[in-house]
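Here is a short report on the pockets and helix packing of one protein model. Keep the structure open while reading.

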Amino acid sequence: MAKGQNSGQSKCLSLTKRLTLPQQWFEYLLGVLLLIAGGLSFLRKPSAETQPQAPRRSVACAWGALIGLVSGLTGVGGGVLITPLLLFFNWSGVRTAASVSALFILLNSVVALIGHWSATSFYLPEGIGVLAVMAVAGGLLGARLGSRVLTPSQIRLVLGVILIVAGLKMILSA
């Protein structure tokens, strides 16, 4: 089977009934998006004197809508996109941004699981229980490291590196 093909049909991300995005373009777009998000983690570091300032409601709504749209189109959870945004514009501290990201990821995961169940008659892939237990264990370990062990600069570094590595992998494997 050719790369990017599934049962003879090209995998596409359907934007509308008339417009589709070929799988390879989708992977490039997603990779670039992850690289941008990772790069934002390194570009702007707030000084110790600068307190985070919440955005105006209209700005927050506009960015939230854009993140929702991009998340829906690409399948990337909003938490991956919102954390670098919160940090870049100094709308939040690192630990608060990580907490917000975790909430977004949880909500997106629950919605995705409901969508999966509705499309598969409540069928779950084999081994999902072990994966879920390990994800919870990893989440608990990450929460402990992020809240008690790592400094905000270290958290920012880890976030940026993970996003950049994921973006490069996506682009190079497309």
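A pocket here is an open set of grid points with protein on both sides within 12 Å along at least five of seven lines, and its lining residues have an atom within 4 Å of a point. The model is predicted.

**The largest pocket**

Start with the largest pocket. Its volume is about 780 Å³. The lining is built from 25 residues. Nearest the centre of this pocket are Ala98, Ser101, Ala102, Gly142 and Ile155. Four helices each give at least two residues to the lining: α3 (78-88), α4 (94-120), α5 (128-149) and α6 (152-173). By class, the lining of the largest pocket holds 14 nonpolar, 9 polar and 2 charged residues.

**The second largest pocket**

The second largest pocket holds about 260 Å³ of space. Its lining counts 13 residues, and Leu33, Leu40, Trp63, Leu81 and Leu85 are the closest to its centre. Here α1 (23-43), α2 (57-74) and α3 each provide two or more lining residues.

**Helix packing**

Two packed helices are described by the angle between their axes and the distance between the axes.

| Helix pair | Axes come within | Crossing angle |
|---|---|---|
| α3 and α4 | 8 Å | roughly 160° |
| α1 and α6 | 7 Å | roughly 160° |
| α1 and α3 | 8 Å | roughly 30° |

Take α3 and α4 to begin with. Why do α3 and α4 count as roughly antiparallel? Their axes cross at roughly 160°, and angles over 145 degrees count as roughly antiparallel, so the pair falls in that class. The crossing of α3 and α4 is right-handed. On the α3 side, the contact uses Gly78, Gly79, Val80, Ile82, Thr83, Leu86 and Leu87. Facing them in α4 are Val94, Ala97, Val100, Ser101, Phe104, Ile105 and Asn108. This contact of α3 with α4 comprises 9 nonpolar, 5 polar and no charged residues. Ser101 is in that contact, and Ser101 is also among the residues nearest the centre of the largest pocket.

Next come α1 and α6. With a crossing angle of roughly 160°, α1 and α6 are therefore roughly antiparallel to each other. Their crossing is left-handed. The contact of α1 with α6 includes 16 nonpolar, 7 polar and 2 charged residues.

The last pair is α1 and α3. Are α1 and α3 roughly parallel or roughly antiparallel? Their axes cross at roughly 30°, so α1 and α3 are roughly parallel to each other. The crossing of α1 and α3 is left-handed. In α1, the contact draws on Leu33, Leu34, Ala37, Leu40, Ser41 and Leu43. In α3, the partners are Val80, Leu81, Pro84 and Phe88. By class, the contact of α1 with α3 has 9 nonpolar, 1 polar and no charged residues.

Leu33, Leu40 and Leu81 take part in the contact of α1 with α3. Leu33, Leu40 and Leu81 are also among the residues closest to the centre of the second largest pocket. Val80 meets α1 residues, and Val80 also belongs to the contact of α3 with α4.

Key. Residues numbered from 1 in each chain as written. Predicted model: local features only at pLDDT ≥ 70, side-chain atom pairs only at ≥ 80, totals over all residues. Heavy atoms only, no water. 1 Å grid on protein atoms, 1.4 Å probe; cavity = no way out; pocket = protein on both sides within 12 Å on 5 of 7 lines; lining within 4 Å. Points joined across faces, edges and corners; volume = space filled by probe spheres on them. Nonpolar A, V, L, I, M, F, W, Y, C, P; charged D, E, K, R; others polar. Axes fitted to C-alpha atoms, helices over the stretch in contact; angles between N-to-C directions. Parallel < 35°, antiparallel > 145°, perpendicular 65-115°, else oblique. Left-handed = near helix turned anticlockwise from the far one by under 90°. Contact = heavy atoms within 4.5 Å.
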